[in-house]
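Keep the sequence beside the 3D view.

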Amino acid sequence: MPWNTQGGGPWGSGGGKGPWGSGPQSSSGPNPPDLEEILRRGQDRLRRFLPGGQLGGRGFLLIALGVVALWGFSGFFKVEPDELGVVLRFGKEVREVKPGLNYHLPYPVETVLTPKALRVNKIDIGMRVVDDIRRGGTTTRDVPEESLMLTGDENIVDVDFSVLWRVKPTGVGEYLFNIQNPSTTVKAVAESAMREVIGRSEIQPILTGARQTIETAVQDLMQRTLDSYGAGIIVQQVQLQKVDPPQQVIDAFRDVQAARADLERSVNEAQTYANRVVPEARGNVAKITQAAEAYRSQTVAEATGQTSRFLQIYEQYKKAPAVTRERMYLETMEHVLGNADKVIIDQGAAGTGVVPYLPLGSLGGQEQAPPRPASPQPQQQQQQQGARQ
C-alpha cells in the first residue's frame, strides 16, 4: 500500500495528508472552473449562428472575414476640435492629421496620439485658485515659496503671475516626445525666468511702471529656454497679477511710494514754473538789450549829426562871422519862442500900443489863442500921451 494511503505515513500524519501536512481539498470548498465545460458551451453557442449548425470550412471562413473586417474598421478615429492627431507607424511619427474623422492602418501597424494641441493652457505661479465651499465660489490662495523673489537691490518682492501657452502648430511631435510633463516643465521654466528678470531689476521700477517691460522680458526668456529644450511650446503671454512688497513691510513701502509720488509732483511743478518764468525773463532781457542798442545807435547818430552840423556852421562862420552870428541868434530865438504864447506891444510913436497877431496855433486846433487885451480908455490914452510929451 502506498504511503499516502496509510493512516500513519512516514512523517506520522494520518488522514491521507501529504508529506507537508496538507491533505486533499475537502469537497465542501469552492471548485476551480472546468475549462472543458466552458469550451463546450462556447461551441454550442457558436453553432447556433452557423448555417446547418456545423462548424465547417465555410464557418471558419466567415469567422475570419468578420475578424478581418473588425480589424480594418478599428483604424477609424476621431480628432476633437481642440486636438491634433499624430499617426505613429511602429512607434515612428509619419504624419499629422487635422480635427475630424480620420483613418490609420489598424493596430499594431499604426497607432494615433491626440494631444490637446489647439487649446490655450494657463498656469498660475505664486497663487492657486481654489473652491470656496462656504461662499459657493472661488478664492485665491497665496503660495509664498513660489512668489517671494529677491530683486537686484537686495529687496524681497511678492510676484504673482500667470502664463498662457499652447503647442506650436508645427511642433506637436516635439511636444509629445521631447518632454514628459509639459505643464510641470512650463511652470519650472516660468518661475526660473521670472526670478532671473526680477534679480536684474530694482524694486522701485518693479512696483511702479516696469510691468510691461518685465512681462516682455520673461516671455522672451521663457521662449528661448523652451526652444532650447525642443519642447514644441509657444508662450503666448505672461500676465503679472500682483506685484507687492512682503506683507510684513507693505505699509512702509506704501509710505515710501507716496513720498516719492509727492517728490515727483513737486519737481514737476517746479519745472513747470521754471519753463514759464525763464522764457519771460529771457524775453525781457532781449527787449532791454535791443532798446539799449537802439538808444545807443540813436544817440551816436544824433551826436554825429550835431558834430557835422557844427563843423558846417563853423566853416560858414569863418567866411562871414557877422552874418553867421545874426543867423544863429535868429534861429535860437525862433527855437526858444516858437512854442510860447505871447502878446506883442509896439511902443512906437505912431502905434496904438497893441499889435494884433494871427493865432496860427488855435487855427490848427492845437492851442487856444490867448485873449486879446482890451483897448485903453480915452483917459488912459491922454495920460500916456502926456507922459510921452
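Which residues of β6 are on its covered face, and which on its uncovered one? N121, I123 and I125 make up the covered face. K122 and D124 make up the uncovered one. In a regular strand, side chains alternate between the two faces of the sheet.

A word on the source. This is a predicted model, where local features need pLDDT of at least 70, side-chain atom pairs count only at pLDDT 80 or more, and totals for chains, interfaces and linings use all residues. Residues are numbered from 1 along each chain as its sequence is written, and side-chain values use heavy atoms, with hydrogens and water left out. Helices (H or I, at least four residues) and strands (E, at least two) are DSSP runs, numbered from the N terminus.

Stay with β6. This strand runs antiparallel to β10, and 5 bridges join them. Two strands pair if DSSP finds at least two bridges between them. D124 stands opposite S162 in β10.

Next, the hairpin. β2 and β3 (residues 92-97) pair in the antiparallel sense over 5 bridges. The hairpin they form has 2 residues between the strands. F90 lies in that turn, with a positive phi of about 55 degrees. R89 stands opposite K92 in β3.

Another positive phi belongs to E154, near 65 degrees, in a residue other than glycine. E154 sits in the loop between β9 (148-150) and β10. Its relative accessibility is 67%, so E154 counts as exposed (buried is under 20% relative accessible area, exposed over 50%, partly exposed in between; 1.4 Å probe, protein chains only).

Now go inside. The largest nonpolar core has 38 residues. Such a core is a set of buried Ala, Val, Leu, Ile, Met, Phe, Trp, Tyr and Cys residues joined through side-chain atoms within 4.5 Å. V159, F161, M194, I214 and M222 touch the most other members. Elements giving two or more residues include β2 (85-89), β6 (121-125), β10 (156-167) and α5 (182-199). α5 gives the most, with 7 residues. I214 touches M194, V197, I198, I206 and L240, not counting residues up to four places away in sequence; contact means heavy atoms within 4.5 Å. In soluble globular proteins, nonpolar side chains tend to be buried together.

F76 is found in strand β1 (residues 76-79). F76 counts as partly exposed because its relative accessibility is 45%.
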